[in-house]
Amino acid sequence: MKKEIKHFSVTDSIESVLQALDEDAGVIIDNVMTDDQLKNIQKEIKPYLKQAQNGQDNFTGFKTQRVGALIARSETSRDLAIHSMINQMAELFLKDHCDNFQLHFTSAINIGPGETPQILHRDRGVWGGYIPRKIETQFSAIWAVTDFTFENGATQIVPGSHKWDKDREPKPDEIAYAEMKAKSVLIYTGSVLHGGGENNSNESRLGVFLHYAPSWLRQEENQYLSCPPEIAKNFSPELRKLIGYSKGGYVLGFYTDPKDETGELESVSPSRLFNDQRDEYSRIESASELVKESLKKGI
Ligand SMILES: O=C(O)CCC(=O)C(=O)O
Ligand SMILES: [Fe+2]
C-alpha cells in the first residue's frame, strides 16, 4: 500500500498533531496561510527568485533555486515564523531537550521542471552526526507557496524513519510524498528521512522553509549576518528573540559592545542592542542550583 502523510486542519488539537508527528515524523496541516499571506509572500520572494542561481551540486539540485534571509527580505515570512500554532507545537516538541528554541534556517526552495529526486537525508546531519539520536534537534515547517504534487516535486518523506536503525534504507513503497495545496504546511523533524521530489511537470514547486532548533545549537543560517541589527531593530522583541537576539542560557550568547566605555554593555544579552532590558537569564537564584540542574540533565 502507498504510504500517506496524515493531514490535519488548524482546528485540530495541537496534541493530536504532535501525536502523529511522534509516530510518523511528518504531518501536513491544510490551509493555514491566509489568501493575503499567499499573495504577499509570492510577491516578496519573486524578485529574488528572478536572480537566484540554481544549486551547484546534486544535493542542492542543478534545477533548484534557494533564496535565504527570508526574515530580512519578506514581511510575510516574519508572520509565518511566529505563527502561534506552529510555535506552540515547536515548543512542546523541543522542550525535553532545551529551555528555549530559536529560528534555525530560512529558505525559499524552488524546484524547477526536470529536477531529479534529492538524496534522502536527515536534516540533523548539519551538525555532522555528533548529536545523540535521543535528542530531537529540529522542528521544521515547509509552507506551500505553490501546490505540492507528486508530479512537480512534492517533498519525499519516509514516515516512521526517525525510529529506524540509522543504516536502514527505505523501499520505494515506504516513501510518501507531501502532496498539499498552496497555503498548507508540512511539519517534519530533523530525524526523518526526506528529500526534495523529482519534478516531471512544466511548473516549479515553491516552498518556504522555516526550521526551529534548541537555542543552544548553532543555527544553520547565520541570522546575525542574514538579518543584521539594522534590520532587526524594526521587529518586535518576540521576533528578535526567536531569530537569536537573545541569550540561550545563563551565559550562552552574551555580547559586549566593543565601543562601550561606560561598563553598561559588558557581558549582556543581545536584546540590549535594542534597548530591551528584558533578559530572562540575567540573574540566577543560586549558583549551586544552576550547576545541580545542568548535572541532572546529563553533563
Ligand atoms: O525541497 C524540498 O522539498 C526538500 C529540501 C531539503 O530537504 C533540503 O534541502 O534539505
Ligand atoms: Fe532536508
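## Basis of the description

Two strands are taken to pair if DSSP finds at least two bridges between them, and the elements themselves are DSSP runs numbered from the N terminus, helices being H or I with at least four residues and strands E with at least two. The model is a predicted one, in which local features need pLDDT of at least 70 and side-chain atom pairs count only at pLDDT 80 or more, while totals for chains, interfaces and linings use all residues. Residues are numbered from 1 along each chain as its sequence is written, and chains are lettered from A and ligands numbered from 1 in the order in which they are written.

## Domains

The domain assignment, which is automatic or taken from a database, gives domain 1 (6–214) and domain 2 (250–299). The C-alpha centres of these two domains lie 33 Å apart.

## The sheet of 7 strands

An open sheet with mixed pairing has its 7 strands in the order E1-E2-E8-E5-E10-E4-E3. E1 and strand E3 (64–67) each have a single partner strand and stand at the edges, so one side of each is left without a neighbour in the sheet. Direction ignored, neighbouring strands of this sheet are turned by 25 degrees against each other on average, where axes are lines fitted to C-alpha atoms, for helices over the stretch in contact, and angles between N-to-C directions run from 0 to 180 degrees.

Strand E5 (residues 139–144) and strand E8 (residues 185–189) run antiparallel and are joined by 5 bridges, with Thr189 in E8 as the bridge partner of Phe139. H1 packs on the sheet, touching E1, E2 and E8, and its direction makes about 150 degrees with that of E2; contact here requires C-beta atoms, placed from the backbone, within 7 Å. Helix H2 (residues 35–51) also packs on the sheet, where it touches E3, E4 and strand E10 (205–214), with its direction at about 110 degrees to that of E3.

## The parallel pair

Strand E1 (residues 6–9) pairs with strand E2 (residues 26–30) in the parallel sense over 4 bridges. Between them the chain passes through helix H1 (residues 14–24), and this β-α-β crossover is right-handed, that is, clockwise from the first strand over the helix to the second when the strands point away from the viewer.

Strand E6 (residues 156–157) is joined to E9 by 2 bridges, and Gln156 has Gly195 in E9 as its bridge partner.

Gly195 is also one of the residues around ligand 1, among them His194 and Asp123, a residue being counted if its C-beta atom, placed from the backbone, lies within 6 Å. Strand E4 (101–111) and strand E9 (194–195) are the elements that give two or more residues to this shell.

Methods. Two residues are in contact if their C-beta atoms, placed from the backbone, lie within 7 Å.
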